[in-house]
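The following paragraphs walk through a structural model, beginning with the contacts between its chains and then turning to details within one of them. Please keep the sequence and the model in view while reading.

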Amino acid sequence: MTDRYDAIVIGAGHNGLVCSALLAKAGKKVLVLEANEQVGGAAVTREFEEGYSVSACAHLLYQLQPRVRKELGLSPKLASDTMQTIVLSQDGKHVRYSGGDVKGVGDGDVTSYRQFHRQMTRFADLLNTYLNTTPPRLGTGEFRDLATLARLGFDLRRLGRDEMRTFLRLIGINIHDEVTERFESPLLRGAVSFDAVLGTHLGPRSPNTIMTYLYRLAAGHGRLAVPQGGMGALAEELAQAARTAGVTIRTNMPVQRVVVENGRVAGVETAGGERFDSLIVVSNADPKRTIMELVGSRYVETGFTRRVNNIRMRGNAAKLHLALDGLPRIGGLAKVEFGDRLVIAADEHYVERAFNPAKYGESSPEPVIEMTVPSFRDTALAPTGKHVMSCVVQYAPYALKGGWTDAAKQAFTKTCIETIGRYAPDLESRITASELLTPADIEREFHITGGHWHHGELALDQFMFVRPVCSAAQYRMPLDGLYLCGAGAHPGGGVSGAAGRNAAKFILRERAA
Amino acid sequence: MSVQEVPQGRLRTPFYSRLAALDTLNNWHTWKGYTVPDALYCADTEYFAIRNSTGVFDLTPMTKYRITGPDALVYVDRLVTRDMRKIRPGRVAYAVWCNDQGQVIDDGTIFHLREGEYRLCSQERHAAWLMDSAIGLDVSITDETADVAALAVQGPTSFAILSRMGIEGLGDLKPFGLMHVEFDGFELTVSRTGFTGDLGYELWTAPENAESLWDYLFAAGEITGIRAIGTDALEHARIEAGYIAAYIDFLPAHATMRTGRTRSPLELGLDWLVDFKKPNFNGRRALAEEKRSGSTWRFVKLDIEGNKPAHHAYIFADQKGKKNIGFVTSAAWSPVCKQNIALGTVRTPHGAPGSTLWVEVFYQREMHWSRMMARAEVVDKPFWFPKRRSLTPPDLV
């Protein structure tokens, strides 16, 4: 027996949930099939050690698009909000920043950073308009495409002549040049560099790392928060919104393949052999997995196959979870500041040097690390008096030379703990359990090819009009009935919901036409 | 795909010694790395051998790929625009392949040698495109250009010569059929294919058998005027047959820089090769859209008044030459048809079969150039299509 739906969404990642909810709100009968037990995809909270829970992949909320929040009536309860970033120094003279304010640096840097932040947020606002809309196609002559392009041109001009020039100059260059020109403080340089390359296979000297920095600021100007109950709580709220709108969500239902009949999508088949019919299949999976594994190249054309096959998506960020029997001591850090975001990035060269070995398939001997202690404000995540530490560690290349064997993982875990230990000497003695998720683990657990959290490198040749690939950047794939709604589509990764929302809008508009 | 070391400089085909022995002009050029003759004694005589007796053409330099593996059929079916499921083992398909935009990359022939085993022959090399087309499919692609020696044996007496040579069962071979025979202790593949639009065959074997094959062939053909031919004679014959050639009548899509310089199969008169009943093939989406909204160009075969070949001529809709609608891509005086013929490309809606167009012909007499507007009728059928081409069994002349 088969069930017929107006649309089937593959994957209950946050984008899949946003997309399904918006489709259902428009009256569509929607089914979401999730491979894992929990909804949320990479926005999920799970136990990694008895009594200790953590946001298993994404752990900070800063990109959720206000429009998504509004249209779905989301009001996530936050454990922390407007967290400051504390760039750790071994001598305890840390640098702290939040919004456009920075402390612990010279007066010159205070002014420079304020100006920098003002300028960057202005550019990010411009960018954000286009993150929330389907990118226009070039050369179609269609009104909607032309209108979007005209608006983009107009918005650029409206920056004013000098600012427009600056924007166009900056969009392709690297963050390293900017931070060295603007700031004196090595810690500030290091942390801003790190912000720009988080989650990418890029170093501060790599091209277009200003663009990735702007991308980070786009939705909320870099304001950091953590939902009560971790990222999984947000996913649950999204799933609830979807269910309220009428979406059927089924977990533990890995889709094995997209069924193609007579050159168009006809439904999906699960690993368990169940078949669900729908003339619209929306994939929240990454483009490579969607096309190469779920659909199969035989059902699409050669040029498209080649482009999809060549999408760069090798993850380079690992996730380290530590169960602690108490807070570690960090010199110069007030206790209350464990509720903030702690960063190890001594300077811009430190970040670049961490990246260097990753180019050759080796992990960083001195990694850059972003740490949070979510249990500090959300005590339910750990037993009373104990804590969990959630870290993003770079760089840990997906294709590690020799593979991510247990020995390699243990060695890298040790490296990370030693690196943090330079700032928190008693850390090691406080650890009761640890878990390292390398990009290979992220690939396995969250079904993301290459374990790349953006579902494809965030680079100018894979951005906007050409994301995921040229001629297929409007959510609609060159196979009738197949759409993308995940981070691999425009605009990209981060828990923003933009891709899911844009995809839903596109599908509804197309079906209405 | 296996990569092979090849010697530097112009390569010699396995038939080189035999061609060189017959050569009187020393007029050679390079064809895909091989040295081949424009003509051996006289292009006109060689042309008449194709039409009146038999011409033998060394087509070893033709690019040849072997396609095998469990997904071979899926692979070729997605690659080309026609339905390859209909091409059974022992059959050959003329086919055209396009990029995703529905623009022609090249045309060629696909031999279904044995169940699930194909040979793709084309003028251009396509390793990159063929390998890209193999992504996600279980097929193996091997360039076997240098591993197969091939001869085209074309003309009214070709059947008689090959029969006399001792190839059995040839009489049953239909046009676009192929068969494997044991000949003089080696394997020989014979296909009833060619580029002349006449009765003719192509012979395929391992290079070490090449000279022996040649000698048998010429011994059998001596009394019916068999002649080795060069590329000039073949070029003449293919225009009469109305066959298009890459870089002459169309530009392979991968070779273009400017937009609008490519052609779709619909714009090359190859609609009959495009099977929209197939759910997926490279270019299908774009071609379906083109079929819906109309093509920009149309391929035309022209019968032009006078006897001056209209090389590189502009084509006009009117005699005054006010409305330029296209240009001639191939032109020749056809001795066998007694017609001044040309192939060309014109903007739609011009050039419907039966319509009259005007061709601006330039010609030179004693250094001085003259120009005339010649009336040209658009014809539907090939200029040269003798009955013997499709007769099975052919006459033993």
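Predicted model: local features only at pLDDT ≥ 70, side-chain atom pairs only at ≥ 80, totals over all residues.

On the side of chain A that touches chain B, the largest share, seven residues, comes from helix α11, which spans residues 302–309 of chain A. Sorted by class, that side of chain A has seven nonpolar, seven polar and five charged residues.

The extent of the interface can be described both by residues and by area. In terms of residues, 19 from chain A are in contact with 18 from chain B, while the two chains bury about 1500 Å² between them, with 45% of this area on carbon and sulfur atoms. Of the area that chain A buries against chain B, 47% is supplied by Arg298(A), Glu301(A) and Thr302(A), which is more than any other three residues supply.

Charged pairs also span the two chains, and the rule finds three salt bridges across the interface of chain A and chain B. Arg306(A) forms a salt bridge with Asp132(B), in which the closest N and O atoms are 2.9 Å apart.

Within chain A, attention may turn to the packing of two helices. Helix α7 (residues 186–197) and helix α8 (residues 209–217) of chain A pack with their axes 7 Å apart and at an angle of about 85°. Because angles of 65 to 115 degrees count as roughly perpendicular, α7(A) is described as roughly perpendicular to α8(A). On the α7(A) side the contact is made by Val192(A), Asp195(A), Ala196(A) and Val197(A), and on the α8(A) side by Thr209(A), Thr212(A), Tyr213(A) and Arg216(A). By class, this contact of α7(A) with α8(A) has four nonpolar, two polar and two charged residues.

The backbone of chain A deserves a separate look in its loops. Gln394(A) and Tyr395(A) are joined by a cis peptide bond with omega of about 10°, and Tyr395(A) has its place in the loop between β19 (387–394) and α13 (406–421) of chain A. A cis peptide bond also joins His490(A) and Pro491(A), here with omega of about 5°, and Pro491(A) is found in the loop between β21 (482–484) and α16 (498–512) of chain A. Finally, His455(A), although it is not a glycine, has a positive phi of about 55°, and the loop that holds His455(A) lies between α15 (439–446) and β21 of chain A.

Technical notes: Residues numbered from 1 in each chain as written. Chains lettered and ligands numbered in written order. Heavy atoms only, no water. Axes fitted to C-alpha atoms, helices over the stretch in contact; angles between N-to-C directions. Helix = DSSP H or I, 4+ residues; strand = E, 2+ residues; numbered from the N terminus. Parallel < 35°, antiparallel > 145°, perpendicular 65-115°, else oblique. Contact = heavy atoms within 4.5 Å. Nonpolar A, V, L, I, M, F, W, Y, C, P; charged D, E, K, R; others polar. Buried area = accessible area lost by both parts, 1.4 Å probe. Salt bridge = Lys/Arg side-chain N within 4 Å of Asp/Glu carboxyl O.
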